[in-house]
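Have a go at each one before you read its solution.

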Amino acid sequence: MPLEKGSLILLDYTAKIKDNGNIIETTIEEDAKKSGIHDASRRYEPKLISVGEGWVLKGLDEVLFSANEGDRINVEIPPDKGFGERDPSKIRIIPQRKLGEKADEISIGDEVEMEKRKGIVRYIGSGRVQLDFNHRYAGRVLLYDINVVKKIQAVDEKVRSLMKRWIPLTDDKIQFETKGPVLELTLPQETFLLDGIQIIKGAVSNEIFKYIPSIKTVRFIEEYVNQEDIQKENKDANPEKK
């Protein structure tokens, strides 16, 4: 049965630029290593997607509407359904000194911020810099190899997935309990100082209300743990480290 608008799914994918085959993004660690874009600081795992809600490029969203759980599909996405066409008016030449103290350190291909916009350095010479404020992949045809790993339907799985979408926690750190229409989420101490944590709580709550209509109230519980007790327990469990 094809996926419906608002279905929560786990999607594995690898995205390439069609004309050169370069991988620009992937959820698969092996593909990241092969392409030289591997990031040891991130977890490679299927990405949570809400079908038809704009969480992915328009061209990919359209294909997901006709997909089924378990499908493996090759998708070609033109610029108008990807990152847009290139706009010549978004290319500017500025004096290099306007880039500030590190102006002499920039290289072609670097991304810099100017006037609250991010631009890519396309040319440097004679004290001038050409900045391209188009998206890095504007005008490019993209190829996506996708695998619809799973359609998420159980309440517990939805809660866990939506939490991980907003808060960088491993599964063992996500604790929650449903009590009828009330969901209690326990936040570990490491999350208390996250930038924008109050905004994040609001976003998590709104998505839980949207995707789990049976939940009417979300409560966040902040959990503090005595670190000295944990250290003592670790020593007792490993006496050779005393």
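A word on classes before we start: Ala, Val, Leu, Ile, Met, Phe, Trp, Tyr, Cys and Pro count as nonpolar, Asp, Glu, Lys and Arg as charged, and the others, Gly among them, as polar. The model is predicted, so local features need pLDDT of at least 70 and side-chain atom pairs count only at pLDDT 80 or more, while totals for chains, interfaces and linings use all residues. Residues are numbered from 1 along each chain as its sequence is written, and side-chain values use heavy atoms, with hydrogens and water left out.

**Exercise 1.** Sort the lining of the second largest pocket by class.

Step 1: look around Lys173, Pro188, Gln189, Glu190 and Glu223, the closest to the centre among the eleven lining residues. Step 2: sort the lining, which gives three nonpolar, four polar and four charged residues.

**Exercise 2.** Work out which element gives the largest share of the lining of the largest pocket.

Step 1: find the centre, where Glu45, Pro46, Lys47, Leu48 and Lys164 lie nearest, out of 21 lining residues. Step 2: list the elements that give two or more residues: strand 1 (8–17), strand 2 (23–26), strand 3 (47–50) and helix 3. Step 3: pick helix 3, with six residues. By class, this lining has eight nonpolar, three polar and ten charged residues, and the pocket holds about 550 Å³ of space.

**Exercise 3.** Describe how helix 3 and helix 4 meet.

Step 1: take the axes of helix 3 (residues 155–166) and helix 4 (residues 197–211), which come within 10 Å and cross at roughly 150°. Step 2: name the arrangement; helix 3 is therefore roughly antiparallel to helix 4 (angles over 145 degrees count as such). Step 3: find the contact (heavy atoms within 4.5 Å), made by Lys158, Leu162, Met163, Arg165 and Trp166 of helix 3 and Ile200, Ala203, Val204, Glu207, Ile208 and Tyr211 of helix 4. Step 4: sort that contact into eight nonpolar, no polar and three charged residues.

Methods. Axes are lines fitted to C-alpha atoms, for helices over the stretch in contact, and angles run from 0 to 180 degrees between N-to-C directions. Helices (H or I, at least four residues) and strands (E, at least two) are DSSP runs, numbered from the N terminus. Angles under 35 degrees count as roughly parallel, over 145 as roughly antiparallel, 65 to 115 as roughly perpendicular and the rest as oblique. On a 1 Å grid over the protein atoms alone, a cavity is a set of points where a 1.4 Å probe fits but cannot get out, and a pocket is an open set with protein on both sides within 12 Å along at least five of seven lines; lining residues have an atom within 4 Å of a point. Grid points are joined across faces, edges and corners, and a volume is the space filled by probe spheres set on the points.
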